[in-house]
Amino acid sequence: MVRNRKRELYEKIVETIFLLCALVGVISVIAIIIFVFYKGLHPFFGTDAYSFWDFISGTRWAPGSDTYGVFYMIAASVLATAGAMVVGVPIGVLTAVFIAELAPKRAVKWMRPAVELLAGIPSVLYGAFGLGIIVPMIQVISPRAHGHSLLAVIIVLTVMVLPTIITLSESAIRAVPKSYKEASLGMGATQIQTIFKVVLPAAKSGILSALVLGIGRAIGETMAVMMIAGNPVQGIPNSIWSMVRPLTTNIAMEMSYSSGRQQEMLFATGVILFLFIMIVNLTLLRITHKAGEK
Amino acid sequence: MSRKGKDNIVKGAIYASAGFTVFVLIAIIGFVLVKGLPGISISFLTRNYENKTTYVTVTAVTNLHTEDLQSGYIDPLGITLKVNEDGKLEITGIDKDSPCKDALNLKGISYPVKKGDLVASVTPLNDTTMKMKVIRPGGGIVPMIVTTLYMILLSLIIAAPIGILSAIFLIEYAKPGKLRNIIHFAIENLAGIPSIIYGLFGSLFFVKLCQLKYSILAGALTLSIILLPTIITTTEETLKAIPKSYRESSLGLGATKLQTIRRVVLPNALSGILVAVILSVGRIVGESAALLLTAGTVAQIPKALFGNSASGATLTIKMYTLMKEENDLTTACAIGIVLLVIIIVLNFASKTVTKKLLSRKSV
């Protein structure tokens with residue numbers, strides 16, 4: 001009896017340890033949110049408060065003269081992400097179609113590892129590629145004197161979101177039941193018609209979550225973008241040749257030497273970024289849950 | 001337009017897209033190779049980053065002065081010198097019984113002079129000993145490799161047990177319901193947070209509040225949170241794939257739940273857990289934004305876990321600072337080649353393990 005009770009107690013203790021480990025993830029999320037929001041919202045309250053409207057609508061970032069405007073950074077982040085999606089999604093989905101439907105087996109054997117490798121390349125390496133190839137190339141064709149530009153950011157982000165979009169779209173396409181395709185082909189549709197009229201619509205929710213994950217990756221990307229964006233202190237980007245300063249690079253550029261209000265403002269930038277990510281995450285959850293219900 | 005013509009245009013677009021993807025990969029790898037290969041050498045992989053100047057005392061009966069040094073064999077010291085490209089005297093050969101091998105630094109600790117060191121000056125101290133200024137040239141990435149290894153070890157020591165135990169809890173213990181949903185919701189959200197936000201959190205919480213300073217421990221703790229979703233999800237998938245009958249037969253034989261997990265579930269999940277670890281290593285090696293804000297950018301081997309001398313740049317961080325602050329694309333791309341090799345090896349390893357896993361399952 002005693003031994004049994006001892007064993008039961010032991011089992012109970014171990015289970016509690018397992019539970020505590022599982023709670024680490026939850027605690028981390030809560031801690032991250034509390035710390036970032038507390039520090040980031042701090043400058044907008046109290047006696048020496050900075051106007052939140054000036055912060056969110058401002059187009060100049062000059063810590064030296066106590067001016068902190070992030071609107072032009074929001075614009076940069078949104079434009080860069082949108083650009084990368086407009087270019088990256090069609091290329092990614094079509095590549096997925098190639099791998100899942102059209103490619104001969106031998107080509108698939110090569111394409112898969114290629115996409116995996118693309119996914120595994122560290123972002124700093126993408127930055128080097130952007131800095132060494134894309135920026136000099138843009139400098140040649142750009143009407144402005146510099147190659148650091150919104151266009152460079154869009155190109156590099158496009159490449160970086162490709163693996164995400166390809167992998168997820170491919171598995172979504174593969175999950176479409178064979179009978180759908182057979183029925184369409186049997187009715188006399190061509191292979192291409194079947195892909196675009198039957199397979200892709202059936203894989204819609206998977207492709208949609210690929211798109212949303214891609215947005216998350218693009219808007220959160222820091223290091224690669226920092227090297228090629230130019231990071232000006234002011235100005236809403238007015239063409240693809242303009243230098244831009246996305247939210248992420250603003251944080252990474254000044255964090256190491258900032259203090260006081262400037263540092264709090266970097267956390268405030270983080271809060272804005274966090275809000276975007278939350279929207280992305282919630283959208284993603286809704287899509288996947290909807291797909292699950294079906 | 002005919003149906004066939006339309007189809008062909010679309011087909012062309014599909015092939016072009018796939019071609020673009022492959023082309024981009026080749027372009028990136030090609031660029032890094034072309035730019036970086038000139039920077040790769042044995043000394044790049046084996047040397048310290050900074051030059052290191054040391055004064056040593058050598059026991060040798062000689063009356064040698066700096067002016068006497070020249071290219072050729074220096075008999076009393078048993079070394080061969082040669083003027084290198086920069087006009088410095090480099091040791092190109094060293095005798096087996098050379099007294100330089102028993103050199104002591106000013107603290108009296110053994111500091112054997114090596115081939116490749118530069119001799120800046122020599123001065124006789126007394127009849128039997130002389131002082132020598134030796135410069136050990138840097139330009140290598142050893143500190144970054146060591147820091148990266150430390151970072152991998154430390155992060156995995158923290159994150160792997162927590163992640164694996166979490167997965168076991170979620171699959172083996174937790175009943176479907178609120179708690180499990182909350183934990184899953186948290187993990188899904190963690191996976192979506194960009195690393196710069198983790199960096200912000202780490203720099204505030206671990207670096208400042210816990211007073212770890214810019215250190216490998218602060219970096220590793222931040223990384224651990226980043227790794228949790230990967231480790232938990234991958235382990236969960238593996239546990240889910242283990243047939244229920246395994247557990248039932250073990251429980252039916254009278255084993256307790258914990259015994260079942262230890263003797264039946266975990267042994268069957270090992271290769272899946274290995275895949276989780278490999279994926280984590282890839283993530284650690286590639287991570288930069290979070291480490292930039294928590295582990296610092298100094299090219300040195302960390303001498304402590306936390307505190308003032310504990311900061312260190314990983315390969316990725318050094319690659320970044322080389323480009324951004326020192327404008328040295330060649331060395332940066334040389335590090336890039338090292339990173340590429342690591343990533344390719346890791347991809348290959350995870351593939352091999354997964355294949356083994358699948359082939360065993362089909363038996």
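How many helices and strands does chain B have? Chain B has eleven helices and seven strands, taken as DSSP runs (H or I, at least four residues, for helices; E, at least two, for strands) numbered from the N terminus. The radius of gyration of chain B is 28 Å, well over the 21 Å that the globule rule gives for 363 residues, so chain B is more spread out than a compact globule. That radius is taken over C-alpha atoms, and the rule is 2.2 Å times the number of residues to the power 0.38.

The model is predicted: local features need pLDDT of at least 70, side-chain atom pairs count only at pLDDT 80 or more, and totals for chains, interfaces and linings use all residues. Residues are numbered from 1 along each chain as its sequence is written, while chains are lettered from A and ligands numbered from 1 in the order in which they are written.

The C-alpha trace of chain B spans about 85 × 70 × 45 Å along its principal axes. Of the 363 residues in chain B, 41% are buried (20 or more other C-beta atoms within 10 Å of the residue's own, with C-beta atoms placed from the backbone).

In chain A, helix α6 (residues 150-174) packs against helix α9 (residues 204-220) at an angle of about 155°, with axes 8 Å apart. Axes are lines fitted to C-alpha atoms over the stretch in contact, and angles run from 0 to 180 degrees between N-to-C directions. α6(A) and α9(A) are therefore roughly antiparallel (angles over 145 degrees).

How values were computed
Buried ≥ 20, exposed ≤ 12 C-beta atoms within 10 Å, placed from the backbone. Parallel < 35°, antiparallel > 145°, perpendicular 65-115°, else oblique.
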